[in-house]
Amino acid sequence: MDFQRRRDLANRRGQWLPPEHFYPEYDYHYSSKLSFEVHNWADGARKKWSDGKRQTLEGVLDSIADGVLYHLNFDKARREKREEDERRWQHLARRRELHKRRNDREQKRIHFLAQLAAYHQEAANLKVTIANASAVLPQAEPEYRRMIDWAKGRLAYLEAQNAVGPLATNLKSQNLFPDTDELFDPEGDPS
């Protein structure tokens with residue numbers, strides 16, 4: 001809104017405003033000077049060239065070209081550094097993921113072996129129990145005989161689970177000890 005119109009509106013409302021309210025703080029007078037400016041944040045580099053009292057823009061074209069090249073090279077170096085940082089970050093993220101997956105697999109291996117040891121221990125205990133029970137089995141109650149029959153069935157199941165064939169099939173299905181380790185990191189564990 002121009003200043004005359006603002007003053008007229010204020011006067012119609014019965015307001016008196018000081019003159020500085022209507023006039024701009026600065027007057028801009030274009031002097032027909034030509035200027036060239038690069039909007040970049042390369043520290044230490046010249047960013048603006050313009051006509052002056054002793055120089056013209058045409059006279060500093062070499063300086064402008066050098067400045068523009070400097071800014072372009074600065075942008076290129078900054079972009080390359082950012083891309084290298086991104087590649088390094090992705091590489092480290094991949095290594096951390098491999099490390100996490102190796103730790104998960106190690107926990108599964110420990111659980112698998114603990115379960116296998118528990119099966120062996122239970123089978124050994126059942127063998128001793130069945131051997132001790134066979135001495136009293138002829139005169140035992142029917143419930144006791146059914147318990148021993150169930151224990152024999154459980155022992156057969158445990159021995160089948162501990163046999164090499166089912167054990168190898170179970171290991172292959174869980175992929176706990178593969179021939180070629182896809183989780184291997186030649187650089188070691190990331191820190």
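Val136 sits in helix α2, which covers residues 61-136. Helices here are DSSP runs of H or I with at least four residues, strands are runs of E with at least two, and both are numbered from the N terminus. This is a predicted model, where local features need pLDDT of at least 70, side-chain atom pairs count only at pLDDT 80 or more, and totals for chains, interfaces and linings use all residues. Residues are numbered from 1 along each chain as its sequence is written, and side-chain values use heavy atoms, with hydrogens and water left out.

Back to Val136. It counts as partly exposed because its relative accessibility is 35%. The scale is this: buried means under 20% relative accessible area, exposed means over 50%, and partly exposed is in between, with a 1.4 Å probe and protein chains only. Together with Tyr144 and Met147, Val136 forms a nonpolar patch on the surface, with about 230 Å² of accessible area. Patches take residues with over 30% relative accessible area and no salt bridge; like charges are joined within 9 Å, and nonpolar side chains (Val, Leu, Ile, Met, Phe, Trp, Tyr) within 5 Å. The areas come from the Shrake-Rupley method with a 1.4 Å probe, and for residues only the protein chains shown count as cover.

Now the overall layout. The protein has four helices and two strands, and from the N terminus on they run α-β-β-α-α-α. Of its 191 residues, 19% count as buried. The accessible surface comes to about 15200 Å², and 54% of that belongs to carbon and sulfur atoms.

How far can we trust it? The average pLDDT, the predictor's confidence in each residue from 0 to 100, is 83 for the protein, and 84% of the residues score at least 70. Among the elements, helix α1 (residues 3-12) has the lowest mean, 62, while α2 has the highest, 91. Where pLDDT is low, the predicted coordinates should not be read in detail.

Next, charges. How many salt bridges does the structure hold? There are 14, a salt bridge being a side-chain nitrogen of Lys or Arg within 4 Å of a carboxyl oxygen of Asp or Glu. Side chains of opposite charge can pair when their charged atoms come close.

One of these pairs is Asp75 with Arg78, at 2.5 Å from N to O. Both lie in helix α2, three residues apart, which is about one turn of the helix. Asp75 is partly exposed at 28%, and Arg78 is also partly exposed, at 24%.

Another salt bridge joins Asp185 and Arg95, at 2.8 Å from N to O. Asp185 is in the segment after α4 and Arg95 is in helix α2, so this pair ties together parts that are 90 residues apart in sequence. Are these two residues buried or exposed? Both are buried.

Then there is Glu159 with Lys127, at 3.4 Å from N to O. Glu159 belongs to helix α3 (residues 142-162) and Lys127 to helix α2, so the pair links distant parts of the chain, 32 residues apart. Glu159 is partly exposed at 38%, as is Lys127 at 45%.

Last item: Asn175, in the segment after α4 (164-174). Its phi is near 55°, a positive value in a residue other than glycine. Asn175 counts as partly exposed, at 36% relative accessibility.
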